[in-house]
Amino acid sequence: MRLPFTVVHRDSEAKESPASNLHNATVHSPGWASAPFPLFPQEVTLAFTGAVCIDTLRVLAHEHFVPSKLHVSVGRVPKYSTPDHTSAKFKYLGFVRFANNGEWKLREQQTIELKGVSCSFLKLSVEKPHSHGKNLCGQVGIVDVAVEGEVDLDQSTKLLKVGQQGLDFQMLTHGIDLDEDFVHSEAQVEGMGADAVRMVRRVAMLKQDAEWGEDFDEAQRLSGIEGEIAMCGRGLKDAEAQKQDAVSNEDYAAAKALKAKTDELKARLRELMDSVQARRNR
């Protein structure tokens, strides 16, 4: 889904093209343009209504104020910090280049695949423009920003506890269980049970925390656990289905053997999660 956001910071803006145009976009919106003769890079920071997992970012450049390059960073709020962009810790993801369109009145859109990265803030750092006959003041501009992904329920709940507000938090407080919808949808796609999916999501979140904290040994350990949980989860679902088939066919010897297999896989899943929790409690 397309994720709503608010521009919470911009280094500068032209009077006729404020940064608020990006979150109040209309069909004929001119988007954001920097002030004349700005310093570079020009930064624009977007805040989401909670924590989100971004799959795709689409940026449409201005037809005259064409940036030469756009850098992308994502921000998360450290534990016990005020949930705003000034206290966020940003992680640099990379950049894209925009082509010099010469005197053509064409707008270029860049699509960036972010593969579900979790964040609460998105920072766009815009470098100096390409030369253009209608850009006499050296401005840069972005007509539209589209962010597609999903709400990160685990992280959003944590932010809610320290006072962050927003539409998605209102949905949470009114009892709409979006998390369960996401879990069951993912379970169908991944071929495992809902409990295993919850385990994988929990370990993946801890792994990402380790990455952000640059604890790469822990991230490597959790990556291995995440993979084994997924493997056991798929095996458990397959074994449960085979056991039901065996019972339907009155093949009770096979059903007994498959029950032993499912018990073994369940025990292994418990061991894996216990090892994660034990490390967290140190």
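Mentor: Start with the volume. In this predicted model, the largest pocket has a volume of about 710 Å³. Its lining counts 24 residues. Nearest the centre of the pocket lie Cys53, Gly116, Asp152, Arg201 and Ala204.

Next, the elements. Those giving two or more residues to this lining are the strands β3 (42-61), β5 (89-97), β6 (109-126) and β7 (141-151), together with the helices α1 (153-161), α3 (178-190) and α4 (194-212). The largest share comes from α4, with 8 residues. By type, the lining divides into 11 charged, 9 nonpolar and 4 polar residues.

Now α4 itself. This helix has 19 residues. From first C-alpha to last, α4 reaches 27 Å, close to the 27 Å expected at 1.5 Å a residue. After α4 comes Glu214, with a positive phi near 60°.

Is Trp212 buried or exposed? Its relative accessible area is 11%, so Trp212 counts as buried, the cut-off being under 20%.

What is Trp212 in contact with, leaving aside its neighbours within four places in sequence? The list is Val74, Gly75, Arg76, Lys89, Phe90, Lys91 and Ser118. Take Lys89 from that list. Trp212 and Lys89 are 123 residues apart along the chain, yet their C-alpha atoms are separated by 8.8 Å.

Notes. Residues are numbered from 1 along each chain as its sequence is written. This is a predicted model: local features need pLDDT of at least 70, side-chain atom pairs count only at pLDDT 80 or more; totals for chains, interfaces and linings use all residues. Side-chain values use heavy atoms; hydrogens and water are left out. On a 1 Å grid over the protein atoms alone, a cavity is a set of points where a 1.4 Å probe fits but cannot get out, and a pocket is an open set with protein on both sides within 12 Å along at least five of seven lines; lining residues have an atom within 4 Å of a point. Grid points are joined across faces, edges and corners, and a volume is the space filled by probe spheres set on the points. Helices (H or I, at least four residues) and strands (E, at least two) are DSSP runs, numbered from the N terminus. Ala, Val, Leu, Ile, Met, Phe, Trp, Tyr, Cys and Pro count as nonpolar, Asp, Glu, Lys and Arg as charged, and the others, Gly among them, as polar. The expected span of a helix is 1.5 Å times one less than its number of residues. Buried means under 20% relative accessible area, exposed over 50%, partly exposed in between (1.4 Å probe, protein chains only). Contact means heavy atoms within 4.5 Å.
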